[in-house]
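Please read it with the structure open beside you.

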There are 2 protein chains.
Amino acid sequence: MTTIRGARERARTEVTAAIKDEARGQLAAEGAAKLSLRAVARELGMVSSALYRYFPSRDELLTALIIDAYDAVGSAAERALATADPADPPARWTAVCVAVRAWALTHPHEYALIYGSPVPGYQAPQLTIEPASRVGLALISIAADAHRADGIALPPLAEELRPEAQRLAAQLAPGLPPEVMAALIAAWAQLFGLVSFEVFGQFNNLVEARDELFTHAARRLAHEVGLMDRHRTP
Amino acid sequence: MTTIRGARERARTEVTAAIKDEARGQLAAEGAAKLSLRAVARELGMVSSALYRYFPSRDELLTALIIDAYDAVGSAAERALATADPADPPARWTAVCVAVRAWALTHPHEYALIYGSPVPGYQAPQLTIEPASRVGLALISIAADAHRADGIALPPLAEELRPEAQRLAAQLAPGLPPEVMAALIAAWAQLFGLVSFEVFGQFNNLVEARDELFTHAARRLAHEVGLMDRHRTP
DNA sequence: CAGAAGAGAGAGCACTGCTCTTGCTTTGGA
DNA sequence: TCCAAAGCAAGAGCAGTGCTCTCTCTTCTG
């Protein structure tokens, strides 16, 4: 498994990692559009064609970076979830939101890679869907835990949306009421709307107190999915 | 002003429009990253260097397309606002949201250009900020109208956020309570979170009933900014 | 130890954005 | 009316890109 197989194999994983590191550096410096295979190779002291032994195309390199980025936000979210007060669902929720935003602000280009415009003709391979779902699953687990503990009450869903919400709940969080599931999906997307607007500059020259606005919005989102402050129900 | 000045000047605006049209076509077909000046020129039967008489760089061409795209969503939103029942604020709100989403789904690449990752090293010039604000202003005007008519009541803001919200309200909608202003900014960003997730494929293999989910979420957003159903207060 | 497989190097193709020079055409003032 | 100035198109060329193909050398495996 993790046994050192041979010099060649070890070298391969090392070079692969070095390529990804250098690519990530260029990504952070200039953005995905200016990520150049030749520049990466040059910086690593190899010739561009040699790089194709490790990644069959530029898109494949980007895919690797995409997966890493999803894993990075995902684990940031999971870390925040693990350290938040388990008895305070709204606090857990905002902690995850804040962690996602913090990661996005410190890694804007990686964030753009995964939550911005999809790259040209590129189709996200199946490999990405598992890491991509980690933040969503973290959010869902907060609601699921809160529901198990105290129950969540939300106004009933319109007729048209209920089957879909039931299907999603069955698939992602058995036992969760469909109203909560629908609210979760919406809140998930809306969270990234808040983050994207900030990272992509839509708040430039408009919103100054971004920390405060974000925290406020995150709390409202928690409320929207039915997470209640314990202090109100002693 | 709009008088026909001369053959040369008229030709110039025609060629400029033709370039933009062709560029928009390539944008729709392949995305911003694959928009090639040479290909545009080729398709128009001119040589690539001639195109630089009209746009000093590829980025300037993109800027022109960005402004057009902002104007397109903006006017779609304004059209929806104009045709919705003026006495039903939540209906006006959802109408604008639905119009924005519809435009985004029919023009995914143009949408990505303005609400996706900002292009490489590119800084949005001042020219774009006015068209970029049209959707936001439409949403604000709904709340302002509703507030003038019936008043909007929302829970008070936390201390830290109030000054910012007051500043924004004074700047964008004098008379609007700061709570509403804060909710509007958040809802504005969250709306585009919903749209982006759908356009950029985050809902692929996950959410099926997207019309229903979006409408539901848009209604909840209306509620979140304090827009009330008239039927409840006869 | 020999053959297979892996890895790097180099040349080359077709493409990109962009610049510069060279002519031609339209324009506006003397 | 004529002529210089400005606008415009074309072509060549530069530096860069992703990617392929061939060749050589090294390492691994049976």
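**Notes on charge pairs and the chain contact**

1. A:Glu224 and B:Arg220 form a salt bridge, with their closest N and O atoms 2.6 Å apart. A salt bridge here is a side-chain nitrogen of Lys or Arg within 4 Å of a carboxyl oxygen of Asp or Glu. Across the interface of chain A and chain B, the rule finds two salt bridges.

2. A word on the basis. This is a predicted model, in which local features need pLDDT of at least 70 and side-chain atom pairs count only at pLDDT 80 or more, while totals for chains, interfaces and linings use all residues; side-chain values use heavy atoms, with hydrogens and water left out. Residues are numbered from 1 along each chain as its sequence is written, and chains are lettered from A and ligands numbered from 1 in the order in which they are written.

3. Now look at A:Arg220 and B:Glu224. Their side chains meet in a salt bridge, at 2.6 Å from N to O. A:Arg220 lies in helix α11 of chain A and B:Glu224 in helix α11 (residues 210-224) of chain B, so this pair joins two chains. Helices (H or I, at least four residues) and strands (E, at least two) are DSSP runs, numbered from the N terminus. A:Arg220 is partly exposed at 25% relative accessibility. B:Glu224 is buried, at 11%. Buried means under 20% relative accessible area, exposed over 50%, and partly exposed in between (1.4 Å probe, protein chains only).

4. Inside chain A, the side chains of A:Glu78 and A:Arg134 meet in a salt bridge (2.7 Å, N to O). A:Glu78 sits in helix α4 (residues 58-83) and A:Arg134 in helix α8 (residues 134-150), so the pair ties together parts 56 residues apart in sequence. A:Glu78 is partly exposed, at 33% relative accessible area. A:Arg134 is buried, at 17%.

5. A:Arg101 forms a salt bridge with A:Asp211, with the closest N and O atoms 2.7 Å apart. This pair links helix α5 (residues 89-106) to helix α11 of chain A, 110 residues apart. A:Arg101 is buried, at 10% relative accessible area. A:Asp211 is partly exposed, at 46%.

6. Check B:Glu110, in helix α6 (residues 108-115) of chain B. B:Glu110 is buried yet has no salt bridge, and the nearest side chain of opposite charge, B:Arg24, is 4.6 Å away. Lys and Arg count as positive and Asp and Glu as negative; His and the chain ends are not counted.
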